[in-house]
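Biologist: I would like to learn how to read a few features of a structure. Could we take them one at a time?

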Amino acid sequence: MMLLLTDRLVHLAPVDFVIIVFYFALVLAIGFYLRGRANTGEDFFMAGREMTAWVAGLSFLSANLGALELMGWAGSAYQYGILATHWYWIGAIPAMLFLALVMMPFYYISKTHSVPGYLKLRFGESSRALSAVSFAFMTVLMSGVNMFAMAKVMQIVLGWDINFSHLGFVFDSCRLRRAGRTAIRNFNEVLQFFLIWAGALLIPILGLYETGGWSNLKVLITQRASNEYVHMWSGLGSFTTNPMGIHWTGIVFGLGSILSMGYWTTDFLVVQRILTAKDIRSAEMAPIIGAGFKMFVPLIVILPGLLGLAVLPMKLTAESAVVAGGHSYNDVLPLMLARYCGPGLLDWASTALIAGFHVRDGWQRQRFHHRLDFMTSTGRSSTRMPATVTT
């Protein structure tokens, strides 16, 4: 058999297979139905600039909420406790509001398609070329990490051989690209946003039921780790009194004022979704709508890691310290998935992670081709989209 199974933690029921296959079929069907409708560069990159504020806002948030985000921050919550929430409430929401109120008027009025395009308008051709090369290199690395994250889920939950999982997701990625990039960017992101939430909420709901609520969860975490894992600010007065080894000034000024502003205002993997808005008012409202939903993302990202810290029978360690048969911090989400989601529920949670993979990987691939377009652009606009879009 091509599926080289190791020890598997769960067994898929027939209904699980049906729902997962239905999801793949639905995504591909939408893509093939809309294939060929992106006739111009404006259609290809900006979806014709006809999205409402709500659609652009949900797509904006969904583009950032991929499988890598779900697995990575669940692992960080297990390793550092509730301090990981700062990367959302301090490291995202203020910057998203800054993007809406300050940066979006500049981006939208300039009619740019990406960071390299804006840099060319502001600083010239050399800055555009440097940005395009650096972002293209980063995109290749991030796409590989994203596929590895999904392969780890299949390995831990279903026992699939990790090399087979890698090949499967590469094939799936190529099929989605051929099915139609416009559909992946416009219609599927909103669908995947709701799928991610519907599936990912299973773990915190069932986990809080098992532990007896938030108060009992804090007691369990304190017993198995320490009191600092359940307090967001009390341990940040010194570098030595919290598991992350960070000071509050680093959170407020380093994360909230520098890192987050740099990411949320220049990463066009997410910002480009807002530029599809039909007018400048909608473009300004979209990040505000996204910020409202972003406040609740820790429920499906941070809380599973905290629950793992309280209920998992084994102690997870750093990746470098994992022995044969062990698990690292990054494995906490699939381990919790296997713990709570048996047949009939596993399909929803698995589909959520697969949807997250499609959101992030689809945009990583689209951004990579976008960088190549700008690197090879002749500077002329095209009315119809040729093999290489020029802007």
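**Reading helices and surface**

Modeller: V102 lies in helix α6. Keep in mind that this is a predicted model.

Biologist: Is V102 buried, exposed or partly exposed?

Modeller: Buried means under 20% relative accessible area and exposed means over 50%, with partly exposed in between. V102 has a relative accessible area of 33%, so V102 is partly exposed.

Biologist: Which residues form the nonpolar patch on the surface?

Modeller: The patch consists of L97, F98, L101, V102, F106 and I288, and together they have about 510 Å² of accessible area. Helix α6, residues 93–110, supplies the largest share, 5 residues.

Biologist: How do I read a pair of helices, such as α16 and α17?

Modeller: Two packed helices are described by the angle between their axes and the distance between the axes. Here the axes of α16 (residues 298–311) and α17 (residues 332–340) come within 9 Å and cross at roughly 70°. Angles of 65 to 115 degrees count as roughly perpendicular, and α16 and α17 are therefore roughly perpendicular to each other. Their crossing is left-handed.

Biologist: Where does F296 lie?

Modeller: F296 is in the loop between α15 (280–294) and α16. With a relative accessible area of 47%, F296 is partly exposed. F296 and W89 are 207 residues apart in sequence, and 9.4 Å apart in space, C-alpha to C-alpha.

Biologist: Which residues of helix α11 are buried?

Modeller: In α11, residues 202–211, the buried ones are L202, I203, P204, G207 and T211. G212 follows α11 and has a positive phi, near 90°.

Notes: Residues numbered from 1 in each chain as written. Predicted model: local features only at pLDDT ≥ 70, side-chain atom pairs only at ≥ 80, totals over all residues. Heavy atoms only, no water. Patch = residues over 30% accessible without salt bridge, like charges linked within 9 Å, V, L, I, M, F, W, Y side chains within 5 Å. Areas by Shrake-Rupley, 256 points an atom, 1.4 Å probe, with all protein chains shown as cover. Salt bridge = Lys/Arg side-chain N within 4 Å of Asp/Glu carboxyl O. Helix = DSSP H or I, 4+ residues; strand = E, 2+ residues; numbered from the N terminus. Buried < 20%, exposed > 50% of the residue type's maximum accessible area, 1.4 Å probe, protein only. Axes fitted to C-alpha atoms, helices over the stretch in contact; angles between N-to-C directions. Parallel < 35°, antiparallel > 145°, perpendicular 65-115°, else oblique. Left-handed = near helix turned anticlockwise from the far one by under 90°.
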